[in-house]
Amino acid sequence: MKAIRVKNLRNGNPTIEIEDLPDPVLSHPQEVIVKVLAVGLDGTDKEILKEKYGVPPEGEDDLTTGHESLGVVTEAGTDSGFRKGDLVTAIVRRPCRNQNCVNCRNGHSDFCQTGEYVERGIKGANGFLSEYYKEEGRYLVQVPLDLLQHGMLVEPQSIVEKVWDQVLRVQQRLIWEPKTALILGSGPLGLLAAMTCRLLGLEVYVWSMSPQDSLQAQLVKISGGMYQQAGAASAADTLTAYAERLGKPLDLILECTGFSPLAFEAMAVLAPNGVLALLGVTPADRKLEISSDMLNQSMVLENKCVLGSVNAARKDFETAIYRLQQMEKNYPGWLDRLVTNRMKLEAVPQLDFSSIPIKAVVDIVPVEQWRELVKQTEEVAYSFSV
(Lines give C-alpha, C1' and ligand atoms only; values in the text may rest on other atoms or scores of the structure.)
Protein backbone atom coordinates (compact mmCIF):
# COMPACT_ATOMS: atom_id res chain seq x y z
CA MET A 1 0.00 0.00 0.00
CA LYS A 2 1.01 3.63 -0.53
CA ALA A 3 1.47 6.05 2.38
CA ILE A 4 2.72 9.59 2.99
CA ARG A 5 5.83 9.35 5.14
CA VAL A 6 8.04 11.88 6.90
CA LYS A 7 11.40 10.12 6.53
CA ASN A 8 14.51 10.21 8.73
CA LEU A 9 12.96 12.17 11.60
CA ARG A 10 15.47 10.82 14.12
CA ASN A 11 18.51 11.01 11.84
CA GLY A 12 18.18 14.60 10.69
CA ASN A 13 17.48 16.06 7.23
CA PRO A 14 13.91 14.63 7.02
CA THR A 15 12.03 14.40 3.72
CA ILE A 16 8.41 13.84 2.63
CA GLU A 17 7.87 10.83 0.38
CA ILE A 18 5.22 8.45 -0.90
CA GLU A 19 6.33 5.01 0.20
CA ASP A 20 5.11 1.51 -0.60
CA LEU A 21 4.47 -0.37 2.64
CA PRO A 22 3.17 -3.88 3.35
CA ASP A 23 -0.61 -4.10 3.73
CA PRO A 24 -1.63 -4.42 7.41
CA VAL A 25 -2.65 -7.89 8.64
CA LEU A 26 -4.96 -8.76 11.53
CA SER A 27 -3.06 -10.20 14.50
CA HIS A 28 -5.69 -9.99 17.24
CA PRO A 29 -9.48 -10.62 17.33
CA GLN A 30 -10.08 -7.04 18.54
CA GLU A 31 -8.37 -5.49 15.51
CA VAL A 32 -9.88 -4.06 12.34
CA ILE A 33 -8.43 -3.31 8.90
CA VAL A 34 -9.73 -0.04 7.43
CA LYS A 35 -9.56 1.03 3.80
CA VAL A 36 -9.03 4.80 3.86
CA LEU A 37 -11.45 6.86 1.78
CA ALA A 38 -10.22 10.35 2.66
CA VAL A 39 -8.08 12.26 5.14
CA GLY A 40 -8.48 15.91 6.09
CA LEU A 41 -5.44 18.16 6.54
CA ASP A 42 -5.17 20.83 9.25
CA GLY A 43 -2.61 23.16 10.83
CA THR A 44 -0.91 20.31 12.66
CA ASP A 45 -0.39 18.47 9.36
CA LYS A 46 0.98 21.68 7.85
CA GLU A 47 3.56 21.98 10.63
CA ILE A 48 4.50 18.30 10.40
CA LEU A 49 4.83 18.32 6.61
CA LYS A 50 6.57 21.68 6.37
CA GLU A 51 8.60 21.75 9.59
CA LYS A 52 8.97 17.95 9.74
CA TYR A 53 8.69 17.82 13.50
CA GLY A 54 6.49 14.73 14.09
CA VAL A 55 7.58 11.93 16.42
CA PRO A 56 7.85 8.47 14.80
CA PRO A 57 6.87 5.24 16.56
CA GLU A 58 9.32 3.90 19.11
CA GLY A 59 12.31 2.29 17.42
CA GLU A 60 11.49 3.77 13.99
CA ASP A 61 12.80 6.74 12.00
CA ASP A 62 9.75 7.48 9.82
CA LEU A 63 6.17 8.60 10.47
CA THR A 64 3.00 8.13 8.42
CA THR A 65 1.07 11.40 8.77
CA GLY A 66 -2.64 12.28 8.85
CA HIS A 67 -5.16 12.12 11.72
CA GLU A 68 -8.54 13.27 10.32
CA SER A 69 -9.73 10.02 8.81
CA LEU A 70 -12.72 8.51 7.05
CA GLY A 71 -12.63 4.89 5.98
CA VAL A 72 -14.51 1.65 5.53
CA VAL A 73 -13.85 -1.64 7.33
CA THR A 74 -12.50 -4.36 5.03
CA GLU A 75 -11.64 -6.97 7.70
CA ALA A 76 -12.91 -7.18 11.27
CA GLY A 77 -11.68 -9.37 14.10
CA THR A 78 -14.30 -11.48 15.85
CA ASP A 79 -14.10 -9.38 19.04
CA SER A 80 -13.79 -5.96 17.38
CA GLY A 81 -17.48 -5.06 17.34
CA PHE A 82 -17.32 -4.11 13.64
CA ARG A 83 -18.21 -5.72 10.35
CA LYS A 84 -16.96 -5.47 6.81
CA GLY A 85 -18.50 -2.44 5.12
CA ASP A 86 -18.85 -0.27 8.26
CA LEU A 87 -18.06 3.41 7.75
CA VAL A 88 -15.67 4.64 10.46
CA THR A 89 -13.41 7.37 11.72
CA ALA A 90 -10.68 6.91 14.33
CA ILE A 91 -9.97 8.55 17.67
CA VAL A 92 -6.48 10.05 17.51
CA ARG A 93 -4.98 9.78 20.99
CA ARG A 94 -3.94 6.62 22.85
CA PRO A 95 -3.36 6.43 26.63
CA CYS A 96 0.07 6.58 28.19
CA ARG A 97 1.52 3.52 29.91
CA ASN A 98 2.09 5.24 33.23
CA GLN A 99 -0.11 3.62 35.88
CA ASN A 100 0.03 6.82 37.93
CA CYS A 101 -1.94 8.67 35.24
CA VAL A 102 -5.45 8.35 36.63
CA ASN A 103 -7.05 9.84 33.50
CA CYS A 104 -5.45 7.47 31.01
CA ARG A 105 -6.26 4.54 33.30
CA ASN A 106 -9.91 5.56 33.24
CA GLY A 107 -10.39 6.17 29.52
CA HIS A 108 -9.68 9.91 29.50
CA SER A 109 -6.40 10.05 27.59
CA ASP A 110 -7.42 13.49 26.29
CA PHE A 111 -6.62 14.63 29.86
CA CYS A 112 -3.32 12.72 30.13
CA GLN A 113 -1.25 14.02 33.04
CA THR A 114 2.16 12.71 32.00
CA GLY A 115 2.41 13.90 28.39
CA GLU A 116 3.48 10.37 27.48
CA TYR A 117 0.38 9.72 25.38
CA VAL A 118 0.55 8.61 21.74
CA GLU A 119 -1.29 10.33 18.88
CA ARG A 120 -1.68 8.68 15.50
CA GLY A 121 -0.02 10.64 12.74
CA ILE A 122 1.50 13.10 15.20
CA LYS A 123 3.39 11.59 18.13
CA GLY A 124 4.64 8.05 18.54
CA ALA A 125 2.23 6.26 16.17
CA ASN A 126 1.66 6.13 12.43
CA GLY A 127 -1.33 8.01 11.08
CA PHE A 128 -3.98 7.44 8.45
CA LEU A 129 -2.63 9.10 5.29
CA SER A 130 -2.28 5.72 3.62
CA GLU A 131 -4.40 3.29 1.64
CA TYR A 132 -5.08 1.10 4.70
CA TYR A 133 -4.52 1.11 8.43
CA LYS A 134 -5.00 -1.32 11.31
CA GLU A 135 -6.72 -0.31 14.54
CA GLU A 136 -8.33 -1.76 17.65
CA GLY A 137 -12.08 -1.61 17.50
CA ARG A 138 -12.30 0.40 20.73
CA TYR A 139 -10.65 3.37 19.00
CA LEU A 140 -13.01 3.44 16.02
CA VAL A 141 -16.25 5.43 15.84
CA GLN A 142 -18.93 4.35 13.39
CA VAL A 143 -20.09 7.10 11.04
CA PRO A 144 -23.70 7.15 9.75
CA LEU A 145 -24.33 6.96 6.03
CA ASP A 146 -25.76 10.47 5.86
CA LEU A 147 -22.27 11.78 6.74
CA LEU A 148 -20.51 9.79 4.03
CA GLN A 149 -19.41 12.98 2.26
CA HIS A 150 -18.30 14.80 5.42
CA GLY A 151 -17.06 12.11 7.80
CA MET A 152 -13.46 13.34 7.67
CA LEU A 153 -14.70 16.46 9.50
CA VAL A 154 -15.76 14.50 12.59
CA GLU A 155 -12.29 14.77 14.16
CA PRO A 156 -11.93 18.58 13.90
CA GLN A 157 -15.55 19.04 15.02
CA SER A 158 -14.83 16.81 18.02
CA ILE A 159 -12.34 19.45 19.23
CA VAL A 160 -15.11 22.05 19.24
CA GLU A 161 -17.45 19.68 21.04
CA LYS A 162 -14.92 18.93 23.77
CA VAL A 163 -14.57 22.66 24.44
CA TRP A 164 -18.33 23.19 24.65
CA ASP A 165 -18.69 20.20 26.99
CA GLN A 166 -15.94 21.61 29.24
CA VAL A 167 -17.52 25.06 29.23
CA LEU A 168 -20.87 23.63 30.31
CA ARG A 169 -19.23 21.72 33.15
CA VAL A 170 -17.26 24.73 34.38
CA GLN A 171 -20.26 27.05 34.19
CA GLN A 172 -22.26 24.88 36.53
CA ARG A 173 -20.56 27.08 39.13
CA LEU A 174 -23.21 29.77 38.53
CA ILE A 175 -26.40 30.69 36.70
CA TRP A 176 -25.07 31.31 33.20
CA GLU A 177 -27.24 32.41 30.29
CA PRO A 178 -24.78 33.13 27.47
CA LYS A 179 -26.00 35.20 24.55
CA THR A 180 -22.87 36.11 22.59
CA ALA A 181 -19.82 34.25 21.32
CA LEU A 182 -16.70 35.72 19.75
CA ILE A 183 -14.60 33.45 17.53
CA LEU A 184 -11.01 34.47 16.87
CA GLY A 185 -9.88 33.03 13.54
CA SER A 186 -11.68 31.76 10.46
CA GLY A 187 -9.76 28.63 9.62
CA PRO A 188 -11.62 25.31 9.58
CA LEU A 189 -11.71 25.11 13.38
CA GLY A 190 -12.88 28.71 13.75
CA LEU A 191 -15.63 28.28 11.16
CA LEU A 192 -16.84 25.02 12.71
CA ALA A 193 -16.84 26.74 16.11
CA ALA A 194 -18.84 29.66 14.70
CA MET A 195 -21.42 27.37 13.11
CA THR A 196 -21.67 25.33 16.32
CA CYS A 197 -22.34 28.44 18.38
CA ARG A 198 -25.03 29.50 15.91
CA LEU A 199 -26.71 26.10 16.23
CA LEU A 200 -26.58 26.59 20.00
CA GLY A 201 -28.58 29.80 19.57
CA LEU A 202 -25.79 32.29 20.32
CA GLU A 203 -25.10 35.59 18.58
CA VAL A 204 -21.81 34.94 16.83
CA TYR A 205 -19.06 37.39 15.93
CA VAL A 206 -15.92 36.33 14.07
CA TRP A 207 -12.71 38.37 14.12
CA SER A 208 -10.14 37.23 11.58
CA MET A 209 -7.47 38.34 9.10
CA SER A 210 -9.38 37.12 6.04
CA PRO A 211 -10.90 39.90 3.90
CA GLN A 212 -14.48 41.02 4.30
CA ASP A 213 -15.40 39.55 0.89
CA SER A 214 -13.61 36.22 1.46
CA LEU A 215 -15.22 32.80 1.41
CA GLN A 216 -14.61 32.61 5.15
CA ALA A 217 -16.68 35.75 5.68
CA GLN A 218 -19.41 34.41 3.40
CA LEU A 219 -19.65 31.16 5.37
CA VAL A 220 -19.95 33.07 8.63
CA LYS A 221 -22.72 35.26 7.21
CA ILE A 222 -24.60 32.26 5.78
CA SER A 223 -24.76 30.83 9.30
CA GLY A 224 -26.20 34.08 10.61
CA GLY A 225 -22.98 35.29 12.22
CA MET A 226 -21.26 38.67 11.89
CA TYR A 227 -17.79 38.88 10.37
CA GLN A 228 -15.10 41.51 10.91
CA GLN A 229 -11.71 41.63 9.22
CA ALA A 230 -9.02 42.26 11.81
CA GLY A 231 -7.30 45.59 11.30
CA ALA A 232 -9.49 46.48 8.32
CA ALA A 233 -9.89 50.12 9.35
CA SER A 234 -6.32 50.75 10.54
CA ALA A 235 -3.44 49.17 12.37
CA ALA A 236 -4.96 50.58 15.55
CA ASP A 237 -8.19 48.67 14.94
CA THR A 238 -7.52 46.10 17.66
CA LEU A 239 -9.63 43.35 19.17
CA THR A 240 -10.22 45.65 22.14
CA ALA A 241 -11.51 48.43 19.86
CA TYR A 242 -13.75 45.95 18.05
CA ALA A 243 -15.20 44.66 21.32
CA GLU A 244 -15.90 48.24 22.41
CA ARG A 245 -17.72 48.93 19.15
CA LEU A 246 -19.90 45.87 19.65
CA GLY A 247 -21.01 47.32 22.93
CA LYS A 248 -22.26 44.07 24.40
CA PRO A 249 -20.92 41.42 26.80
CA LEU A 250 -18.85 38.68 25.20
CA ASP A 251 -19.91 35.63 27.20
CA LEU A 252 -17.82 33.05 25.35
CA ILE A 253 -14.61 33.57 23.38
CA LEU A 254 -13.00 30.76 21.39
CA GLU A 255 -9.40 31.51 20.40
CA CYS A 256 -8.69 29.45 17.27
CA THR A 257 -5.71 31.27 15.76
CA GLY A 258 -2.85 30.22 18.03
CA PHE A 259 -1.64 33.85 17.99
CA SER A 260 -0.83 34.12 21.69
CA PRO A 261 -1.12 37.94 22.08
CA LEU A 262 -4.80 37.62 21.15
CA ALA A 263 -5.34 35.27 24.09
CA PHE A 264 -4.27 37.92 26.58
CA GLU A 265 -6.28 40.63 24.84
CA ALA A 266 -9.29 38.33 24.88
CA MET A 267 -8.99 37.96 28.67
CA ALA A 268 -9.49 41.70 28.97
CA VAL A 269 -12.58 41.93 26.73
CA LEU A 270 -14.28 38.81 28.11
CA ALA A 271 -17.54 39.52 29.93
CA PRO A 272 -17.89 39.00 33.69
CA ASN A 273 -18.51 35.31 34.46
CA GLY A 274 -17.45 34.49 30.90
CA VAL A 275 -15.21 31.73 29.54
CA LEU A 276 -12.23 32.06 27.22
CA ALA A 277 -11.32 28.75 25.56
CA LEU A 278 -7.89 28.44 23.96
CA LEU A 279 -7.82 25.97 21.05
CA GLY A 280 -4.93 27.28 18.96
CA VAL A 281 -1.25 26.47 19.53
CA THR A 282 1.85 27.88 17.83
CA PRO A 283 5.42 26.56 18.10
CA ALA A 284 6.91 30.07 18.18
CA ASP A 285 8.79 31.75 21.04
CA ARG A 286 6.89 35.02 21.01
CA LYS A 287 7.15 37.45 23.96
CA LEU A 288 5.08 40.52 24.85
CA GLU A 289 4.38 42.94 27.65
CA ILE A 290 0.97 42.70 29.30
CA SER A 291 -0.95 44.73 31.85
CA SER A 292 -0.69 41.97 34.41
CA ASP A 293 -2.31 43.83 37.31
CA MET A 294 -5.30 44.85 35.21
CA LEU A 295 -5.76 41.33 33.88
CA ASN A 296 -5.42 39.83 37.34
CA GLN A 297 -8.04 42.19 38.77
CA SER A 298 -10.38 41.53 35.86
CA MET A 299 -10.09 37.76 36.12
CA VAL A 300 -10.58 37.69 39.89
CA LEU A 301 -13.17 40.41 40.45
CA GLU A 302 -15.32 39.38 37.47
CA ASN A 303 -15.12 35.60 37.96
CA LYS A 304 -13.68 34.99 34.50
CA CYS A 305 -12.43 31.56 33.44
CA VAL A 306 -9.72 30.59 30.95
CA LEU A 307 -9.35 26.99 29.83
CA GLY A 308 -7.20 25.22 27.29
CA SER A 309 -8.36 22.26 25.26
CA VAL A 310 -6.82 19.88 22.77
CA ASN A 311 -7.72 16.44 21.46
CA ALA A 312 -11.06 14.79 22.21
CA ALA A 313 -12.67 11.66 23.62
CA ARG A 314 -15.18 9.22 22.12
CA LYS A 315 -18.17 11.14 23.48
CA ASP A 316 -16.90 14.28 21.73
CA PHE A 317 -16.58 12.36 18.46
CA GLU A 318 -20.16 11.14 18.80
CA THR A 319 -21.45 14.63 19.61
CA ALA A 320 -19.51 15.88 16.58
CA ILE A 321 -21.44 13.45 14.38
CA TYR A 322 -24.73 14.82 15.72
CA ARG A 323 -23.59 18.43 15.20
CA LEU A 324 -22.40 17.86 11.64
CA GLN A 325 -25.76 16.30 10.84
CA GLN A 326 -27.45 19.42 12.20
CA MET A 327 -25.20 21.65 10.11
CA GLU A 328 -26.07 19.79 6.92
CA LYS A 329 -29.77 19.75 7.80
CA ASN A 330 -30.06 23.45 8.65
CA TYR A 331 -27.47 24.82 6.22
CA PRO A 332 -27.29 22.35 3.31
CA GLY A 333 -24.13 22.70 1.25
CA TRP A 334 -22.25 24.68 3.92
CA LEU A 335 -19.90 21.79 4.76
CA ASP A 336 -19.20 21.24 1.07
CA ARG A 337 -18.04 24.86 0.75
CA LEU A 338 -15.83 24.48 3.81
CA VAL A 339 -13.73 21.93 1.90
CA THR A 340 -12.01 24.12 -0.68
CA ASN A 341 -9.31 21.76 -1.97
CA ARG A 342 -9.44 18.06 -2.87
CA MET A 343 -6.37 16.21 -4.05
CA LYS A 344 -4.87 12.80 -4.60
CA LEU A 345 -2.26 11.18 -2.38
CA GLU A 346 0.46 11.84 -4.94
CA ALA A 347 -0.01 15.62 -4.60
CA VAL A 348 0.73 15.79 -0.87
CA PRO A 349 4.58 15.90 -0.87
CA GLN A 350 4.55 19.04 -3.07
CA LEU A 351 1.51 20.64 -1.44
CA ASP A 352 1.65 24.42 -1.01
CA PHE A 353 -0.46 25.06 2.09
CA SER A 354 -0.65 28.77 1.28
CA SER A 355 -2.82 27.88 -1.73
CA ILE A 356 -5.55 26.39 0.50
CA PRO A 357 -8.24 29.00 1.32
CA ILE A 358 -9.84 26.96 4.11
CA LYS A 359 -9.76 23.15 4.18
CA ALA A 360 -7.95 20.49 2.16
CA VAL A 361 -8.98 16.84 1.89
CA VAL A 362 -6.90 14.05 0.39
CA ASP A 363 -9.10 11.54 -1.45
CA ILE A 364 -7.42 8.15 -1.26
CA VAL A 365 -10.36 6.57 -3.09
CA PRO A 366 -12.32 8.56 -5.74
CA VAL A 367 -15.47 10.01 -4.15
CA GLU A 368 -17.76 8.38 -6.71
CA GLN A 369 -16.63 4.94 -5.48
CA TRP A 370 -17.30 5.49 -1.78
CA ARG A 371 -20.94 4.46 -1.66
CA GLU A 372 -20.37 1.05 -3.26
CA LEU A 373 -17.74 0.19 -0.63
CA VAL A 374 -19.99 0.92 2.36
CA LYS A 375 -22.33 -1.91 3.34
CA GLN A 376 -23.69 -0.42 6.56
CA THR A 377 -27.32 -1.37 7.12
CA GLU A 378 -28.08 -0.80 10.83
CA GLU A 379 -28.61 2.55 12.51
CA VAL A 380 -25.91 3.50 15.01
CA ALA A 381 -26.69 4.45 18.60
CA TYR A 382 -24.59 7.33 19.94
CA SER A 383 -23.99 8.89 23.35
CA PHE A 384 -23.59 12.64 23.08
CA SER A 385 -24.10 15.94 24.88
CA VAL A 386 -25.80 18.78 23.02
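Helix 3 (154-170), helix 4 (188-199) and strand 15 (252-255) each give at least two residues to the lining of the largest cavity. The model you are looking at is predicted. Searching the whole structure turns up one cavity of 30 Å³ or more, and the volume of the largest cavity is about 60 Å³. Around this space you will find Val 160, Val 163, Trp 164, Ala 193, Thr 196, Cys 197, Leu 200, Leu 252 and Leu 254. Sorted by class, that lining has eight nonpolar residues, one polar residue and no charged residues.

What angle do helix 4 and helix 9 (residues 314-330) make where they pack? The angle is about 80°, and the axes lie 11 Å apart. An angle from 65 to 115 degrees counts as roughly perpendicular, so helix 4 is roughly perpendicular to helix 9. On the helix 4 side, Leu 192, Met 195, Thr 196 and Leu 199 take part, and they meet Arg 323, Leu 324, Gln 326, Met 327 and Asn 330 in helix 9. By class, this contact of helix 4 with helix 9 holds five nonpolar, three polar and one charged residues.

| Helix pair | Angle between axes | Axis distance |
|---|---|---|
| Helix 4 and helix 9 | about 80° | 11 Å |
| Helix 6 and helix 7 | roughly 30° | within 9 Å |
| Helix 7 and helix 8 | about 50° | 9 Å |

Take helix 6 (residues 239-246) and helix 7 (residues 260-269) next, whose axes cross at roughly 30°. These helices are therefore roughly parallel to each other, and helix 6 passes helix 7 in a right-handed crossing. Leu 239, Thr 240 and Ala 243 of helix 6 touch Leu 262, Glu 265, Ala 266 and Val 269 of helix 7. The contact of helix 6 with helix 7 counts five nonpolar residues, one polar and one charged.

Helix 7 also packs against helix 8 (residues 292-301), at an angle of about 50°. That angle makes helix 7 oblique to helix 8, and their crossing is left-handed. Phe 264, Met 267 and Ala 268 of helix 7 make this contact with Met 294, Leu 295, Ser 298 and Met 299 of helix 8. By class, the residues where helix 7 meets helix 8 are six nonpolar, one polar and no charged.

Key:
Residues numbered from 1 in each chain as written. Predicted model: local features only at pLDDT ≥ 70, side-chain atom pairs only at ≥ 80, totals over all residues. Heavy atoms only, no water. Axes fitted to C-alpha atoms, helices over the stretch in contact; angles between N-to-C directions. Helix = DSSP H or I, 4+ residues; strand = E, 2+ residues; numbered from the N terminus. Parallel < 35°, antiparallel > 145°, perpendicular 65-115°, else oblique. Left-handed = near helix turned anticlockwise from the far one by under 90°. Contact = heavy atoms within 4.5 Å. Nonpolar A, V, L, I, M, F, W, Y, C, P; charged D, E, K, R; others polar. 1 Å grid on protein atoms, 1.4 Å probe; cavity = no way out; pocket = protein on both sides within 12 Å on 5 of 7 lines; lining within 4 Å. Points joined across faces, edges and corners; volume = space filled by probe spheres on them.
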